[in-house]
Amino acid sequence: MKKFFALILVATLLAACSKETPEKRAALMLREARYALHHHLWNEARDTIFSLRRNCPTAIEARRQAILLLDSIEMSAAADSLKLVTGEEWERLDVKRQFFERKLQEDLKKGVEIRD
């Protein structure tokens with residue numbers, strides 16, 4: 001699975017070097033991050049969002065969507081980690097999960113849209 005994701009990331013970077021518009025490149029990167037999120041590949045999903053920010057600074061709409069996607073990634077990663085820990089570590093991760101849930105709700109109230 002990780003080898004497949006690495007190939008996707010390489011393809012994305014190659015696409016970033018092509019003459020595609022920043023919005024198209026960023027849209028591809030958002031799809032890849034969503035794919036990684038769906039398959040519980042938290043680090044890969046985060047890295048893809050960070051790469052989008054770095055490589056597509058003018059893709060405003062995609063960057064707006066990436067804000068929410070990163071919140072979803074963090075919230076899902078924390079929720080997934082809750083299954084593996086107990087005690088103080090569980091409490092810390094639960095606070096983190098709750099924080100990202102609230103942040104996501106506030107971002108949605110402010111008019112940031114989620115698009116697939």
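**Exercise 1.** Classify Phe99 as buried, partly exposed or exposed.

*Solution.* Start with the cut-offs: buried means under 20% relative accessible area, exposed over 50%, and partly exposed in between (1.4 Å probe, protein chains only). Phe99 has a relative accessible area of 43%. Phe99 is therefore partly exposed.

The model is predicted, so local features need pLDDT of at least 70 and side-chain atom pairs count only at pLDDT 80 or more, while totals for chains, interfaces and linings use all residues. Residues are numbered from 1 along each chain as its sequence is written, and side-chain values use heavy atoms, with hydrogens and water left out.

**Exercise 2.** Find how many aromatic pairs the structure holds, and state the geometry of the rings of Phe99 and Phe100.

*Solution.* Rings of Phe, Tyr and Trp (its six-membered ring) pair if their centres lie within 6.5 Å; planes under 30 degrees apart count as stacked, over 60 as edge-to-face and the rest as tilted. The structure holds one aromatic pair. The ring centres of Phe99 and Phe100 are 5.0 Å apart and the planes stand at 80 degrees, so this pair is edge-to-face. As for accessibility, Phe100 is buried, at 14%.

**Exercise 3.** Describe the secondary structure of the protein chain.

*Solution.* Helices (H or I, at least four residues) and strands (E, at least two) are DSSP runs, numbered from the N terminus. The chain has five helices and zero strands, in the pattern α-α-α-α-α along the sequence. Of its 116 residues, 40% count as buried.

**Exercise 4.** Work out how helix 4 and helix 5 are arranged.

*Solution.* Axes are lines fitted to C-alpha atoms, for helices over the stretch in contact, and angles run from 0 to 180 degrees between N-to-C directions. Helix 4 (residues 60-82) and helix 5 (residues 87-109) have axes 8 Å apart and an angle of about 155 degrees. That makes helix 4 roughly antiparallel to helix 5; the classes are under 35 degrees for roughly parallel, over 145 for roughly antiparallel, 65 to 115 for roughly perpendicular, and oblique for the rest. The crossing of these two helices is left-handed (the near helix is turned anticlockwise from the far one by less than a right angle; clockwise would be right-handed).

Next, take the contact, meaning heavy atoms within 4.5 Å. Among the residues that make it are Ile67, Leu68 and Met75 of helix 4 and Trp90, Leu93 and Phe100 of helix 5. By class, the contact of helix 4 with helix 5 has 11 nonpolar, two polar and eight charged residues. Here Ala, Val, Leu, Ile, Met, Phe, Trp, Tyr, Cys and Pro count as nonpolar, Asp, Glu, Lys and Arg as charged, and the others, Gly among them, as polar.

**Exercise 5.** Locate His40 and Arg34.

*Solution.* His40 is in the loop between helix 2 and helix 3. Although not a glycine, His40 has a positive phi of about 60 degrees. At 48%, His40 is partly exposed. Arg34 belongs to helix 2 and, at 18% relative accessibility, counts as buried. C-alpha to C-alpha, Arg34 and Leu69 are 7.6 Å apart in space, and 35 residues apart in sequence.
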